Amino acid sequence: MENQQYQHTLKGEITLSGIGLHTGAYVNMTLKPATPGHGIKFQRIDLPGQPIVKADVDYVVETTRSTTLEHNGARVSTVEHIMAALAGTGIDNALIELDGGEIPIMDGSAWPFIDAIEKIGLQNQDAKKVYYTIDTNISYYDEKKKVEMVAMPAVDYRITCLIDFNSPVLGTQHAKMKGIEEFKTEIAPCRTFCFLHELEYQLSLNLIKGGDINNAIVVVDKPVTDEELARLAKVFNRDNISVQKEGILNNIELRFPNEPARHKLLDVVGDLALIGYPINAHIIATRPGHASNVEFARKIKAYIKKNKHNKDVPVYDPNQPPIFDTPRIERTLPHRFPMLLVDKIIELGEEKVVGIKNVTFNEGFFQGHFPGNPVMPGVLQLEALAQVGGILALNRVPDPENYDTYFLKIDNCKFKSKVVPGDTMILKMELLSPIRRGLVEMRGTVFIGNKVATEADMVAQIIKTREGK
């Protein structure tokens, strides 16, 4: 697996061609590398102005047998399999050019896309990949279709899928993906499927023009006459078509005994990728379909947007011993009272540090800053963040007592809530990109409890100021 702490794109371009399942049109599709933060976007190069459609659940306009996006006057349909392949390989940023309105169906699974991506390879990018961890159950229920979906808190991304079509041929099946790393081998090869009665209905609507016995599993759920088999053979450009004893059209050998359930899970991965955020959650999906997947994705995205500020709030337990106490901090930083604004460090890793500052009424600055209504100056909150960031930066050098950090830039600074005497500031600093030439890019957040008080992006430089002994 690639380093999933960072965003990824393709190492080069990939071109695939094939017919669209519903339109029957031949389409050329080219996947191109994209910059960090670009996300997944489709571009209709066959239309005037070559409009771009972002892969986002907000732009879903149709979910009949596939998922269709529309924006800027352009449509792209049957996006679920390529979206699942991108999610399954960990690609965050790509531009997908199309000279038609539907993604090629290929063999009806995500495997041809996975295979092409693996052949070209992935490129690690200098930008952190931010996962959203679901911290409460998020549920969706469709009374009419008896569809039930829930996202539960988990440390990774896993899915359990149950299908039940009340069919003597297909019956009840379930499939599991214990982690996204299983997608390539356990889920991606599984092909789309439909029942014979659905096939006939789709044909009556002039859909599945690109249907072929090789890109869909057809489950025969009723007696079929020789005349009907002959008509289907003509539709699929075959000399003859037969039904095997397991009820699968044309003696297709299943790749897994529960291939239909696994394909439904594949669709869940692809449709939920339209949330736009990589998530950590355990998804349980009972009788899912594209319409329910999309509504569920919208519900998860709305929850994330509403609660995004609560993401990764550090937990402070004063009963736990600190990693750095004040004397240890003073051996690393050159600051002393009254300018030492960090009391202890409670978490310290390669890419994140969390410090604590207890704000008391007897701080010297309260004597002159809003007397009678004490508020901690915003610049001192930034200074406290900077000092915590200094601990993170200097922890990467072998003799930190011989180095200092000097901050060069502050961007995107926002003060969202007052900090007053009695508050405990939880100071978090995270690396935004690997340290190069002593330059350290960090994002800082001040929490009071689980509420954000202050946030800013900062750039510092590590400079050697003393010679080692």
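In what order do the five strands of the open sheet stand? The order is 2-3-9-4-5, and the pairing in this open sheet is mixed. This is a predicted model, in which local features need pLDDT of at least 70 and side-chain atom pairs count only at pLDDT 80 or more, while totals for chains, interfaces and linings use all residues. Residues are numbered from 1 along each chain as its sequence is written, and side-chain values use heavy atoms, with hydrogens and water left out.

Helices (H or I, at least four residues) and strands (E, at least two) are DSSP runs, numbered from the N terminus, and two strands pair if DSSP finds at least two bridges between them. At the edges of the sheet lie strand 2 (14–19) and strand 5 (52–54), each of which pairs on one side only. From one strand to the next, the twist averages 25°. Strand 3 (residues 26–33) and strand 9 (residues 94–98) run antiparallel and are joined by five bridges; here T30 has E97 of strand 9 as its bridge partner.

Two helices accompany this sheet. Helix 2 (residues 111–120) packs on the sheet, touching strand 2 and strand 3, where contact means heavy atoms within 4.5 Å. The direction of helix 2 makes about 165° with that of strand 2; axes are lines fitted to C-alpha atoms, for helices over the stretch in contact, and angles run from 0 to 180 degrees between N-to-C directions. Helix 1 lies across strand 3, strand 4 (40–44) and strand 9, and runs at about 145° to strand 4. Nine of the 10 residues of helix 1 (residues 80–89) are buried (under 20% relative accessible area, with exposed over 50% and partly exposed in between, for a 1.4 Å probe and protein chains only), so helix 1 is largely enclosed by the rest of the structure. After helix 1 comes G90, with a positive phi near 80°.

Strand 22 pairs in the antiparallel sense with strand 20 (residues 352–358) over seven bridges, and K357 stands opposite M425 of strand 22. Strand 22 also pairs with strand 23 (residues 439–448), again in the antiparallel sense over seven bridges, with I426 opposite F447.
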